[in-house]
Amino acid sequence: MSDEKSELENAQQEAAVFIDFEQVEEVSRVFFEESKEILEDLDGLILKLEADPTNADQINLLFRKVHTIKGSVGSVPGGQLMGSLAHEFEALLTRIKRESRPVPKECIDLFLKSSRILKVLAQSLRDKRELFPEELSEAIELISAYGGFEFSDEGHVVQRSIARTVQASSAEDEGVWLSVKQLNEFLRISGELLVLKNFFQMINQTVNFRSQPELFERRQTDFSQNLSKICDQFQNQVQSVRKEKASDSFQGLHVLVRQASTELNKNVHFEIHGGELLIDKGLGKDLYEALVHVARNSIDHGIEDQFERALQGKSPIGSLSLEVSEKHNTVHVVFKDDGKGLDKERILQRALKLALVTEETAAKLSDDEVYRFIFNAGFSTKEKVTTISGRGVGMDIVLATVEKYQGKIFIENNPGQGACFILEMPIPQHIMVESALLCAWQDFQFAVPLTSVAHISSCAEMQITTVDHLRYCQFSGFTVPLMNYGEMLCLRTTASEEQVRSSSAVFVKIKDAIFALLVDKIEAQTDLVVKSFGKIVGEQKGFKGISILADEKVTYIVDPEKLIALMVRQAGSVEEAA
């Protein structure tokens, strides 16, 4: 009997040794794919439940989502803690369903905290990293808090104290998620490229360009057009992979607004407009980090409490709105509140106290210059430090984010009615392709982006005048500067009238500004891959980068805004010298 027992134990040990690691990895992969969308939607489902706490359909939907996570994570190595938290989450929802109770605010608080920790636990499993001590502690305390949840007969909730919120750190995303549709599109494009490659080989093997020049030219034109089309499709597809809906990037703001307004005992309504717009994921992540601080400051500094709002005849519910749009390859973000607005005098007094400005200079500052003091690190008009504000940390991060993308930020202030922050963020171009007009000047070749070209004209018959060593011409009823690049650098005409008359003018327009770039000749229109100058060469005045053409010539890509700024700076230098 003992021998049989010993054989059985040996068999069990051998079975335990042979683990199908490929199957374990596959199970884990399926869980991460399945849970990703669920966890992303969890906060939104919870907030909808808060808006309608008796909605049985919403409770059932949330229950099914949590139940799916609990069932799936059980097969993932190390997923026991996440499974335990999901189990407690599900158990409390079961009690609410069984007893037909409206979902109280205390449950919503606990659910939102659980949602955040579930995301942290899932990310740690995916990255195969150990939990940080504070993450582990909060997860355990949340599980304990569920055990202490009791409903009184009056519908109130009695519970143990819940762990304080800790900002969990997570690893950087190591990749992007591809939908089946996107993957199929890549496969289709790769198939077309293969066909095109075979077509190119067929041209070289079967068509003799000497004896059949017309056929060769026709086939070559077909090849060029198809290659151009596929390249455009491929670039668009690559860009789309890096994009997500703005509402997905900013979904965490709903939870943040709720938490901040609850802590400050204010009633605030928040909504997002333009959430369907697709934006770069990296830009969306950075914008979210910036808007977190804008939202907190609006709730703490801007939105009044209900009593103060009632005295001013305002709705007791404060309003925050975020509008996202895209125009001219720039993402426009408008964040508004209907609070009391920025206090110019209080900001100015604080700036004087912190020695950011002198009394003499302060009297000459415009409103916008005063408001911009809030972007200084360590600046705060709060005398008392709270968990929301008072440390002077936050708005400087907003400015740093805007500067990181070479964007712009504007403040529109309406005292007593609210403040508006406008962020203009250029869309990151990971593969920057410009449709441009190729021009020659002396021994250089320039490329002017077609989006900025308003008109092209020969200078032979143009009406040209010279005033104070500057050359001007007429365009659409306006008098505009007409200079080559060398003249722009010194802001003084150097080319003779004979040279000018044999040249061409490219009228470049940016917003309300327009100027004419004098070039020796117009060569072609083409698409260029823009490369930066690099650290060795550094930034070149008036240009955004270079491109290498098929003939191996280096082309300088004009940056119209930089050229205009260059002329303005040069004009200022001339006036100071005078």
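Predicted model: local features only at pLDDT ≥ 70, side-chain atom pairs only at ≥ 80, totals over all residues.
Local features were kept only at pLDDT of at least 70 and side-chain atom pairs only at pLDDT 80 or more, while totals for chains, interfaces and linings use all residues. Residues are numbered from 1 along each chain as its sequence is written, and side-chain values use heavy atoms, with hydrogens and water left out.

View 1. Helices (H or I, at least four residues) and strands (E, at least two) are DSSP runs, numbered from the N terminus. Of the 578 residues in the chain, 39% are buried. Here buried means under 20% relative accessible area, exposed means over 50%, and partly exposed lies in between (1.4 Å probe, protein chains only). Among contacts (heavy atoms within 4.5 Å) with a separation of 6 or more, 66% are between residues 24 or more positions apart.

**View 2. Lys 70 and Glu 90 form a salt bridge between two helices.** Side chains of opposite charge can pair when their charged atoms come close. A salt bridge is counted when a side-chain nitrogen of Lys or Arg is within 4 Å of a carboxyl oxygen of Asp or Glu. For Lys 70 and Glu 90, the N to O distance is 2.8 Å. Lys 70 belongs to helix H3 (residues 56–73) and Glu 90 to helix H4 (residues 80–98), 20 residues apart. Lys 70 is partly exposed at 25% relative accessible area, whereas Glu 90 is buried at 7%.

**View 3. Lys 245 meets Glu 276 in a salt bridge.** The distance from N to O is 3.2 Å. Look for Lys 245 in strand S3 (residues 243–245) and for Glu 276 in the loop between strand S4 (268–273) and strand S5 (278–280); the pair therefore ties together parts 31 residues apart in sequence. Lys 245 is partly exposed, with 35% relative accessibility, and Glu 276 is exposed, with a relative accessible area of 59%.

**View 4. Asp 338 pairs with Arg 309 in a salt bridge.** Their closest N and O atoms are 2.8 Å apart. Asp 338 sits in the loop between strand S7 (330–337) and helix H13 (344–353), and Arg 309 in helix H12 (residues 306–311), so this pair ties together parts 29 residues apart in sequence. Is Arg 309 buried or exposed? Arg 309 counts as buried, at 1% relative accessibility, while Asp 338 is partly exposed at 22%.

**View 5. Shared partners make a network.**
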